[in-house]
Amino acid sequence: MKKTRRILGLFGNFDEATNAIYDIRASKIAGLSVDDVTLISPIEHPEVEEALGDRPVRVQYFTFCGGLFGLVGSWLWISSAQAAFLVQPQGGKPVVTLVSNFVLSYEMMILGGVLSTLIGFLVGARLPSRPSTLYSEKVSLDQVGIILELDDTQIEPAKNLFRNHKVLEIREEVMK
Amino acid sequence: MSLDNLTKDWSRYRKGIEEGGFHNYEHRWGMAIDLNACIGCNACSTACYAENNLAVVGKERFSKGHYMHWMRIERYWDEDQAREEFPDQGAHFLPMLCQQCGAAPCEPVCPVAATYHTPDGLNAQVYNRCIGSRYCSNNCPYRVRYFNFWSYPESAWPEPLNLQLNPDITVRDKGVMEKCTFCVQRIRTAKDKAKMENRKVKDGEFTTACAQACPTSAIHFGDLMDAESAVTQLWAKHQVKRHDEQGLPVSTQHKQNPALRGYRVLEELNTDPSVMYLERVREELA
Amino acid sequence: MKETELHHDKDIRDDLAWSQINSDILKSLENPRRGYWYTVIGCLVLLAIGITAAVLQYRYGLGMAKNHPHMWNLYIATFIFWIGMSHSGTLLSAILHIVHADWRKPIYRFAEAMTTFSLMTALLFPVIHLGRLWNFYWVIPYIPARGTWPNFRSPLSWDGFAIMTYLTSSALFLYIGMLPDLAIARDNTTGWRKKLYSTLSLGWYGSDRQWRIFRKAYMLMAIFLIPLAVSVHSIVSSDFAMSIMPGWHVTTFPPYFVSGALYSGCAAIVTLFILLRYYFRWEEYMTLAILEKICKLTFAIAMVWTYLNLVEFSSVWYGHDIYAKEVLWSKMTGAYAPAFWSMMFFGSVLPFTLAFQKLRRHIPTMMAVSILLNVGMWLERWMIVSPTLAESFYPWAWDVLWPTLTSWAIVLGSFGWFGLLFLTFVKIFPSVSMYEVKEMVYHRKLAREKGAAHGHAGGAQPAFSLSMRKEDGS
Amino acid sequence: MSGNEIKSFSPAPFRSILSAGSATQAAPLPRIERRDFLKMMGWGTVGVTLAGCDLPSTVTLEEGKETVVSYLSPEEYAIPGVGVWYASACLQCPAGCGIHGRVREGLALKLEGNPDSPVNRGKLCQMGQSGVQTHYNPDRLGKPQLRKHGKLVDISWDEAWKVLAEKVGAASGARVAWFTGTVSGHQAVLIGEHLEALGSKHHFVHEVINNAVGRAVNQDVLGEAMPRLDIDKAKLVLSFGADFLGTWVSPTHFATEYAKFRSGTRGVLVVAEPKMSLTGANADLWLAVRPGTEGMLALGIAHALMKKGVSVPEAARAAVTAYAPEKAAEITGISVQRIEQVAALLKQHSPSLVLAGATVEGQEQGYQAASAVMLLNVMLGNVGKTLVSRGEFPFPQLSPRTGNTRDLVAFAAAAKDKALDVAFFYGANPVYTAPDSLGLVAALQNIPFKVVLTQFPDETAAQADLVLPVASSLEDWGTHVADYQPEQGVITFQQPLMEGLYPGTPGLGDALLKLLKMRAAQKYSAFNDYFSYLQNAVASLPEQYRAGGLTNKQLWEQTLQKGLLTVDSAPGSLNTNVGEITLNEIKADAEYPLRLIPSPRLGLWDGRHANIPWLQEAPDQISKIVWDSWAELHPSTAARLGVQEGDVVEIASAHGAIKVKVYVFKGVHPDAIAVPLGQGHEEYGRYAKGLGVNPLKILSPAVDARTGELALYGTRVNATRTGVHEELVKEGRNNISQRGRKLVATITAEQFRRTEGV
């Protein structure tokens, strides 16, 4: 069925929130899988996130590619610039100086790595974005929120599930 | 800036001075300065001022080391003078100018490549490129690089002194490093003339201002690549060799006859200077 | 004091309410105390002095500040000083982050800010010291129209690469780490601040996806920053180590510079720690326990620094390089001897105060000591630059000339500039990481509870062991 | 010699004068008058090949005038971008060197030695090269000045000549005097003719750095005042204070000779003097002799030689016998061993050459001491070998009127006696050089009309009633004959290298002709100007100077092109008339224990070059001090006085006192205190004024008994510390040692002769 609604449950107690997710995971609501759950929290919550299961993060590939590009690209760039700029100072040294080029490539590897990590982070985290209207400022204080994407039939069971786990507040919106 | 370029000439670009370096020198201008003849009279230094538009800085600035003696005459006393009542053996004079090193320590440290090696074997300073980081001066073991700490065009040549300025070369403004050029304007003139006449530059056709002025002809100037030139002959006679000439391994101990007078100052630093000095001579009378 | 004594071996109280954390930290963004304004005025005065001197120097030439053979002098020494200062922030933050030392959490934010700002201060000096500073951009390898590139083999152009990389990376590291806090600030402010924080927080809302990727990206950046920070100061040391000058061409310079950098940075963290604790009344967050930890770290680094000094001296002594020996000897006995021995005292003897708990916990002492350590570190930089210039291969050019008023004025001005940047920062951005302090409090609380359950009542567990166990248990 | 330059090295274009420049550097464009440049067309240029037709063609805008000057149609004599070398004469000191001047776009740019000149053989000392800075000096006078109501005010040239005609016309001719430095050639002739026309005999010729006593001794002993000195032929040169590499007679010439002397078998140089001169600094053996006792040292050496069997002329036997080495050692402070060693060296190295310089001659017994030195030459048989006859100069009227200090004393006395009504000053600055004890400044008030022909507002000009600016040496015509003539005698020709910077300013010759026309218009009416006078003089040369039947024009052009005219003279032979030598012992003076040595410097000379920035900035060769005066003190003397380098001491003689910074230096005798000449100007432009002190001011008026020359080196002084300290500004200030580096390496002469000897 088509997901049409989104609800947010805010929890003061992190254990309850965790348990709520385990309940969803255990398929207590038909048609609702853990993939429909988004957790929003004020701090890093490895233990709460665990309930959501494995959700792969791929930023490291960005990092690797960026770093590699920085390393190789800058080395080629600098060396070929040197080979094109022949009135370079010599000091008795060759035109293409490997030693100094590696030092610079090293720096460029890091710069490439850092910048691509940033890009990877922004892409992966879907930033910049507009926070959804369901977002509650309490999340940035001390509460955990669980957002579920639901079809019409799942709304009530989900709310009940939240209530079983001492939800403090429930918000609801219609998806466009 | 293309990779093509890089792969095409890779082996040449990887040559250091010991393997002959990148340049195939057309000339390598060099000097031989005979300390047996040098009397320390300053004529060379003044000639340099006249030829190269060197600024007079005045007493106050001189005291801070801002002076511009591209060619300076150093005066030393005997090491054991501390024990003697009088300097019985006289002074030691040393005309010190840019040594136009083959492996110049100043060159690799310039961040903007304002000092570089020309195909003439000169250690050139491009005033317009210089941003004044002064790293070259710091890395010069001979301390022969001079910095324009002030805007000397504003102060050093009150009218009509400015009419004396040599139009063949620039007047340097503040913030630029400068140093002896081996009178590059004279080299250029001679080369241009030779080119127009479709011949090679002849030995003795021109000389630097300092060598020209020296009353005792202690300074010899010429092309070290020209086997016939007087300077080359002097170098050979005193068994002093350039790095690009001797190849690997570079040794500073190449004189077979230690009685010969040729040496280069601070040779052990492997800077491969283009200026050879001939030792001072003293009668043993003490 | 009483309270902190009670919790004397805890980094932070684990019963801090999260709402209190938010309000305590966000309070620092508003209503500056009078002392803040005095400090701002002081910094402005210093900056004005520096700018005046810089303008005069620009107009008349570097003769205002420099002498031959002292082509580099205070400017480069102060440049290294500021670069060094920038190290502890990012480097320590990154290292401690990687090893999950969670006591970094209340202090890393301002330390990273310090990194960024001292880099921005340091950057001024290579430009100010140029003879023709209006052409400074020629060092940047932009695609040239006339085929002229910078000289890639000059350590000064390495500096350019390294510093730009470091500035970019550490600013990004600071910014990424601040994102969740910017979201908190967004949620708790109104008016222009709200707009500002909304934009800056990029719409962070703390979803699990964001947190996961944040954790990974932040860790990756931390991993990059450690070798980067080491390389940056090594490269700065290359300005000297890659030269052929006696007293500069020293193989131990890279680690020596890095240790000196960490040292001065740690000392600066202590100073700023105390100042922020005082200005914003953050005794709850910047606890004496944490101060003690930094002090211990500083002491350890001081000993590394001392050791590397001794290594340098003995390698000169073992090597038969008469030039290097002369420079060292004149440093110790010549005109620079007072500065040299003050450096040794401040750098190697004074840190022993940090070995005593009583003194470590005495805030006025630590304030004084941390400032003096940095005076020592500044002297160290000066003692690297000047004695070699005064005395090197060529005796004819030997000369000891003291820095001019102009160069002192510009050095002072740089402190004003740094101060101003930092003071602006603390009023715009939260200088303590709120979300991480919350994590810290949360984990401590969990640990206490778990510890109690396992019969380790009252014993504070290291944070990382806690998280490890959590993972094992799942 | 680099002539033609097409490209400049640096990409930044240098603004040439024709292309004029920014407000800060715009310079007056030399105005070329038609008459003058026609004259210039007649110039000979020195071996320059013009660069052909590929010169850069540029159109430039001259600031202010807004005229577009095309390089395609330049002034006829100026080839844009090409430097042309012209021969002329150097007037920076009386040595008489020939020069080549590089002229580009109508401006003289650089001076080098004239290779054709046997005096300097293409070389030029720093003073000679600085001729351009004398010429372009910013403090040069451009307008005549007349004293009105006690102050000098600018007047027009017409007025100046009118006033001059009136005043000189009104004066009694016999009471008119010329006071000059060394002059020679046709200028000397014209001065002579002017005085003759006036009926005056008053030509005072003054130089502080002179050779007057030496000339007298040479004349008496050898029969020739200035014989040739073959330094290059000597195997040993023993110099008693004769700084022949620095300031003595003809330094550049002797330096070229020295190079030959030191090569091949390599001669030995021994120098005995109380203060190390440049020559002393190059000696193999330098002897610090007690000031004023050089004559005794010479006699001591003679005695040692006598003991070795060298015969002594009868007349001097008594004096030589009186100074056994032991006695000489006691007096002079040179050990017996050293005296014996020098005698042995002299005997071993033959021929040798023994020279006496200013420190020997400038004493109350200067003549006697110099005679004792000459005695050594006679005893060693050097006369005829290294001391060679020059013969008489074929044009004696052109020979130099050599300067001395006797004339200064005489002039001061004449002025004091109110014997003069008008005095012309040229090439001398007696107000600066006269010791205060002569009372010259006060005496000058007795001369009603003082005319100073000068380029600069110097001290004498400040006392003048009429100041007439004259052309610089690069703007003037002239002929010059050096006092010291090397193997080939020459008349050096001086031609202008460029148009005068200050229109209306006459050359010395032109001024003299004008003065002469005021007296004897008829006689000189044929000469429009000095240029035509000289042309006429050349035209009247005897036939032997026209090899190949040159026309007058060809001869003139050839002479100018070469810059000199070689003349023949018939060398005779020299006498050895040694007279009786009486050297009295010098009594110690408890109140003034030290001798003041006003040491001359190659550079500032007697102070006339103090206004040249290059020379002020060129370090003193020995102390390396710039822009200042200093007092050289031996460390033992300094310790006794309790002073260190930079401490200011007061040096007082019976005739005045000066305060000067101390330079502690081992190259000075402990009984001497040396203060260099040249500084301490009260006037003389921005570069000279207010720097250092003038040691001449406190000299005693004592004179040499025989010649009447001032005993310049005989003044006794004491020194006391003032407690003031001021750093001396010098190059390489912290080092006198090489610190174990091989910067200047030394090998022994023995080794040198083995490997490179001839």
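D:Leu375 touches D:Ala298, D:Ala302, D:Ala316, D:Val578 and D:Ile581, leaving aside residues up to four places away in sequence; two residues touch, or are in contact, if their C-beta atoms, placed from the backbone, lie within 7 Å. This is a predicted model, in which local features need pLDDT of at least 70 and side-chain atom pairs count only at pLDDT 80 or more, while totals for chains, interfaces and linings use all residues. Residues are numbered from 1 along each chain as its sequence is written, with chains lettered from A and ligands numbered from 1 in the order in which they are written.

D:Leu375 also turns up in the largest nonpolar core, which has 513 residues. Such a core is a set of buried Ala, Val, Leu, Ile, Met, Phe, Trp, Tyr and Cys residues joined through C-beta atoms within 7 Å. A residue is buried if 20 or more other C-beta atoms lie within 10 Å of its own, exposed if 12 or fewer, and partly exposed in between. Along with D:Leu375, the members that touch the most others are D:Val270, D:Val373, D:Val451, D:Ala631 and D:Ile673. The largest share of this core, 16 residues, comes from helix H8 (residues 208-241) of chain C. Helices (H or I, at least four residues) and strands (E, at least two) are DSSP runs, numbered from the N terminus.

Now for another helix of chain C. Helix H12 (residues 337-349) has C:Phe340, C:Met343, C:Phe346 and C:Gly347 buried. Seen down the axis of H12(C), these buried residues fall within an arc of 135°, so they line one face of the helix; the arc is that of the directions from the helix axis to the C-beta atoms. They pack against helices H10 (288-318), H11 (322-333) and H14 (363-390) of chain C. On the face turned away from the buried side sit the exposed residues C:Pro338 and C:Val349.

As for the chains themselves, B and D share the most contacts of the 5 pairs of chains in contact. Chain B puts in 83 residues and chain D 89. On the chain B side, H8(B) gives the largest share, 9 residues. That side has 41 nonpolar, 21 polar and 21 charged residues, where Ala, Val, Leu, Ile, Met, Phe, Trp, Tyr, Cys and Pro count as nonpolar, Asp, Glu, Lys and Arg as charged, and the others, Gly among them, as polar. Strand E11(B) is joined to strand E28 (residues 746-748) of chain D by 3 bridges, and the two run parallel; strands pair if DSSP finds at least two bridges between them. B:Val281 stands opposite D:Ile747 in E28(D).

Chains C and B meet through 34 residues of chain C and 33 of chain B. Chains A and D, on the other hand, do not touch, and their nearest C-alpha atoms are 15 Å apart.

The peptide bond from A:Leu127 to A:Pro128 is cis, with omega near -10°, and A:Pro128 is in the loop between helix H4 (98-124) and strand E3 (144-150) of chain A. Another cis peptide bond joins B:Glu159 and B:Pro160, with omega about 0°. C:His100, not a glycine, has a positive phi near 55° and is partly exposed, with 14 other C-beta atoms within 10 Å.
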